[in-house]
Structures are given as structure tokens and as C-alpha cells.
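Please read the points below with the sequence and the model at hand.

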Amino acid sequence: MVGGLLKRRMRCSALMLMLSVSISGCIGHASAQMEQPQEKLVFYQLEPMREGEEIAVVATTEGDIYLRFFPSEAPKAVSNFITLAQEGFYDGKSVFSIQKMTDSEGNERDAAFLAGATNEAGSRGKTVYRTGPFRSELSENLWHFPGAVSAYGSDIGRVDSRFFVVGSQEIDDITVQRMKKANFPDKVIEKFQEQGGAPSYSRLYPIFAQVYQGMDVVEKILQAECDEKGVPVEEISILSVTMGYYHPE
């Protein structure tokens with residue numbers, strides 16, 4: 001379980017809001033040539049938690065969500081999130097839209113939700129950097145498996161304080177064929193088949209954290225009743241975010 005050396009408690013409302021501007025649902029951006037052989041890919045998200053690893057405990061109105069970070073893969077995104085959280089930036093913000101995807105049979109499935117906007121519409125974000133939105137840090141070792149926490153921005157290739165969390169979805173045969181056509185590494189396709197997730201977001205948005213406990217809360221949020229614009233009918237908000245370090249039971 002999560003233990004001691006807690007840094008500070010911060011009031012935060014708004015874990016994972018989804019922008020009114022839809023996240024792309026097309027598979028194809030993973031076709032960029034990989035910089036390393038797929039045999040050397042390491043799925044950091046799926047590795048066991050380590051003693052002393054920095055974590056965040058996000059207490060929401062629906063329950064607690066526990067995050068681990070990947071500073072070696074997305075240093076700017078990790079620093080941006082943690083710094084803004086410690087400054088209280090996320091305080092008072094709420095989930096305002098649930099993102100859906102359409103499967104190969106035309107059925108809509110809850111996919112992800114996003115947070116961290118500076119306005120209710122979710123069309124603006126913030127960064128701690130003078131240059132504003134920063135370049136996406138795409139890692140070949142991080143993919144949009146269930147629980148992936150990914151930075152988001154209005155312009156492809158640049159992100160800010162907004163982020164989304166991927167829900168649990170099975171990968172059907174048609175999606176597998178689309179991934180193959182888009183030149184996803186075989187090793188990655190096999191892992192998506194095992195884990196599920198949202199491959200259409202991969203190679204588009206940088207992953208900087210992963211839910212390692214509390215996926216039931218993520219799914220509960222995704223299943224919230226929404227209006228025609230995808231905005232939850234009843235407010236969903238973050239109660240607090242506590243930074244700390246992982247200690248096994």
C-alpha cells in the first residue's frame with residue numbers, strides 16, 4: 001500500500017476532464033519509424049512498483065486513484081504536472097466531458113477523460129515553462145494501455161496542463177489489423193491484445209504517468225451519466241492530491 005513521507009496535501013478538483021474538442025481516434029501515427037529495435041522495448045507501465053518510487057494519491061468524489069510517474073521518459077510533462085499540483089493549479093476544477101470511441105461494430109465505448117484546463121470549456125491549459133505549451137515527449141516504452149495518464153494540448157505535438165486517463169477496453173481483430181497496417185511493432189500489438197487500451201492515442205500524446213491502483217474508480221468516472229456534449233450530469237471532482245513515495249505493505 002502507499003505509505004509515509006507524504007510531502008503535502010493539496011486541494012484539487014477535476015481529475016481527468018475530457019476536452020470538448022475530441023481526441024483523435026484514428027490509428028496511424030504509430031507508423032513513424034521506431035528508434036530502437038522492438039526487442040529492446042520495455043513496458044515501464046507494467047513493471048512492478050519499486051520501493052521509494054514517487055507517487056500521487058488523487059482523492060476524488062468517486063474514490064482514490066494512485067499514480068506512478070515516468071520522469072526518465074517524459075521529464076517535462078512530469079515536472080509540469082507535479083509543480084502545478086503543488087501550486088494548487090488543479091484546485092476547484094471538475095470533470096466536464098467523457099471521451100468515447102467507436103468500435104469496429106459501430107458501438108460507442110467510454111474511452112478516456114481529461115483534466116487540467118484553465119477554463120470550463122477545456123480549450124486552454126497552462127504550463128510552468130516560459131514558452132508555454134511544450135513539445136510532446138513520445139516514448140517508445142510507454143503506450144496507451146488501461147490506466148495510462150497522458151498529457152494533452154490543442155495542437156498536435158504540443159501539450160500543457162491538460163491530461164487524460166485511458167479506460168479498460170478490449171482490442172478486437174479489426175483494431176489489430178489497423179495497428180498492423182499502421183506499422184505498430186508486433187511486440188506492442190501483442191501487449192495491447194493482452195492488456196487492452198486505446199491504441200489510437202499512441203504516438204500522438206505523451207504518457208507521463210500510470211494508474212497502478214484505482215482503475216475501478218477510473219471506470220466509475222467513465223460510466224457517469226453525461227449530456228449530449230459528454231459533460232457529466234453530476235459534478236465529478238478531485239478532493240485532494242497527495243504527493244508521496246511508494247512503500248509496499
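What share of the contacts in the protein chain with a separation of 6 or more comes from residues 24 or more positions apart?

1. **Overall picture.** The model is a predicted one. Residues 24 or more positions apart account for 79% of the contacts with a separation of 6 or more in the protein chain. The secondary structure of the chain comes to four helices and 12 strands. Of its 249 residues, 54% are buried.

2. **Aromatic pairs.** The count of aromatic pairs comes to 17. One of them joins Trp143 and Phe184 in a tilted arrangement, with 5.8 Å from centre to centre and 45° between the planes. Trp143 belongs to the loop between β7 (134-135) and β8 (148-151), while Phe184 belongs to the loop between α2 (173-181) and α3 (186-195). The two residues are 41 residues apart, and their pair links distant parts of the chain. Both Trp143 and Phe184 are buried.

3. **The pair of Phe163 and Phe208.** Here the arrangement is edge-to-face: the centres are 6.4 Å apart and the planes are at 85°. Because Phe163 lies in strand β10 (residues 163-166) and Phe208 in strand β11 (residues 207-213), the pair ties together parts that are 45 residues apart in sequence. Why do these two residues count as buried? Phe163 does so because its relative accessibility is 2%, and for Phe208 the value is likewise 2%, with buried meaning under 20%. Ring pairs also link Phe163 and Phe208 into a cluster with Phe69, Phe81, Phe89 and Tyr90.

4. **Strand β10 and its partner.** From β10, Phe163 and Val165 point one way, whereas Phe164 and Val166 point the other way. All four of these residues are buried. Strand β10 pairs with β8 in the antiparallel sense, over three bridges. In this pairing, Ser150 stands opposite Phe164.

5. **Helix α3.** Which residues of α3 are buried, among them Val188? Ile189, Lys191 and Phe192 are buried together with Val188. Seen down the helix axis, the buried residues of α3 fall within an arc of 165°, so they line one face of the helix. An α-helix has 3.6 residues a turn, so residues three or four places apart point the same way. The cover over the buried residues of α3 includes α2. Just after α3, Gly196 takes a positive phi of about 85°.

6. **Polar contacts of Asn119.** Asn119 is found in the loop between β6 (108-115) and β7. Its side chain is joined to that of Ser123 by a polar contact of 2.9 Å. A polar atom of the Asn119 side chain also lies 3.3 Å from the backbone nitrogen of Arg124.

7. **A charge over a ring.** How far from the ring centre of Tyr129 is the charged end of Lys76? The charged end of Lys76 sits over that ring, 5.3 Å from its centre.

8. **Glu47.** This residue is placed in the loop between β2 (9-10) and β3 (54-60). Its relative accessibility is 34%, and Glu47 therefore counts as partly exposed. Leaving aside residues up to four places away in sequence, Glu47 touches Val42 and Arg68.

Technical notes: Residues numbered from 1 in each chain as written. Predicted model: local features only at pLDDT ≥ 70, side-chain atom pairs only at ≥ 80, totals over all residues. Heavy atoms only, no water. Phe/Tyr/Trp six-rings, centres within 6.5 Å; stacked < 30°, edge-to-face > 60°. Buried < 20%, exposed > 50% of the residue type's maximum accessible area, 1.4 Å probe, protein only. Lys NZ or Arg CZ within 6 Å of the ring centre and 35° of its normal. Polar contact = N/O pair within 3.5 Å; in protein donor to acceptor, adjacent residues only side chain to side chain. Arc of directions from axis to C-beta. Contact = heavy atoms within 4.5 Å. Pairing = 2+ DSSP bridges.
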